[in-house]
Amino acid sequence: MKTVNVPYIPELSTLTSADDFLTMMDRCGTRCPIDSLNWPQLYPYEPLTTFTVAHSGKYLYIDFFVRCNYLRAENYVNQSPVSQDSCVEFFVSPDPEDSLYWNFEFNCIGAINASFRRERKNPTRLTDDQLAQVLRYASCGQRPFREMEGMFAWNLLVAIPLELIGVKYEGKPVQMRGNFYKCASATAAPHYLSWNPVGGDKPDFHRPQDFGTIMLL
């Protein structure tokens, strides 16, 4: 079971531009690979993917970086099936003793699908007002497009309010559980990668038992 330490960088709350965020994250954040190829015989494609994390006490910042050969962004409205596209995801259980967890799914243009639940089949979808609180900076822009083949590098920086997921940071370490994912189910090379390895005989990211440890320092 993996652990990622998320550094406290209060200066992030003072920044306003994507470039400034990325510079600060690159210098002070914690970077990890998303490289667990969980079903290699079924889905062998493995685009290079990393995430960098930090928090400001108010927001959790995640910068996803991807190099890939196929790029797709056909979904562009809230709560659409963005996992069909070039997609990155963050699932988190704020209280390690509670089964409640949140799933945040984003395609490469920042379209979002997000819910909270205790089991996969009974989600509570976030409202448009709640989704608007999740800040997104997409290097691919915001306009949808059909799948392209080539050599692509893109990043998506997201900022999730800690208050939105019920976390209050008071200067002491906070332990959560979660996982980070890269997927693209409807592309020419479907794939399902994770930071912490995922079990099961077919792709399923809704497995809290496979979450790693996330420590807000």
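A residue counts as buried when its relative accessible area is under 20%. S56 comes in at 6% relative accessibility, so it falls on the buried side of that cut-off. The model behind these values is a predicted one. Leaving aside residues up to four places away in sequence, S56 touches Y8, I9, P10, L12, S13 and Y61.

On to the charged side chains. Side chains of opposite charge can pair when their charged atoms come close. Here the tally is eight salt bridges. One of them joins D35 and K2, with 3.9 Å from N to O. That pair links distant parts of the chain, 33 residues apart: D35 belongs to the loop between strand 2 (30-33) and strand 3 (36-37), and K2 to the segment before strand 1 (3-6). How exposed are the two ends? D35 has a relative accessible area of 36% and is partly exposed, and K2, at 30%, is partly exposed too.

R120 and D204 make another salt bridge, and their closest N and O atoms are 2.6 Å apart. R120 is in the loop between strand 8 (112-117) and strand 9 (124-125), while D204 is in the loop between strand 13 (192-194) and strand 14 (212-216), so this bridge ties together parts that lie 84 residues apart in sequence. R120 is partly exposed, with a relative accessible area of 46%. D204 is partly exposed as well, at 22%; the buried class would need a value under 20%.

E170 and K168 also form a salt bridge, with 3.7 Å between the closest N and O atoms. Exposed means over 50% relative accessible area, and E170 clears that at 59%, as does K168 at 65%. Beyond simple pairs, salt bridges link R72, E74 and D85 into a network.

The aromatic side chains come next. A pair of aromatic rings is described by the distance of the centres and the angle of the planes. The structure holds 18 aromatic pairs. Among them is Y43 with Y192, an edge-to-face pair at 4.9 Å centre to centre and 75° between the planes. Y43 is in the loop between strand 3 and strand 4 (48-55) and Y192 is in strand 13, so the pair ties together parts that are 149 residues apart in sequence. Y43 is partly exposed at 23% relative accessibility, whereas Y192 is buried at 16%.

For F91 and Y101, the ring centres are 6.2 Å apart and the planes meet at 25°, so this pair is stacked. F91 lies in strand 6 (residues 87-93) and Y101 in strand 7 (residues 101-107), and the two are 10 residues apart. Both ends are buried: F91 has 0% relative accessibility and Y101 has a relative accessible area of 1%. Which residues make up the aromatic cluster? W39, Y43, F91, Y101, Y181, Y192, F205 and F211 form one cluster, and that takes in both the Y43 and Y192 pair and the F91 and Y101 pair.

Notes:
Residues are numbered from 1 along each chain as its sequence is written. This is a predicted model: local features need pLDDT of at least 70, side-chain atom pairs count only at pLDDT 80 or more; totals for chains, interfaces and linings use all residues. Side-chain values use heavy atoms; hydrogens and water are left out. A salt bridge is a side-chain nitrogen of Lys or Arg within 4 Å of a carboxyl oxygen of Asp or Glu. Helices (H or I, at least four residues) and strands (E, at least two) are DSSP runs, numbered from the N terminus. Buried means under 20% relative accessible area, exposed over 50%, partly exposed in between (1.4 Å probe, protein chains only). Rings of Phe, Tyr and Trp (its six-membered ring) pair if their centres lie within 6.5 Å; planes under 30 degrees apart count as stacked, over 60 as edge-to-face and the rest as tilted. Contact means heavy atoms within 4.5 Å.
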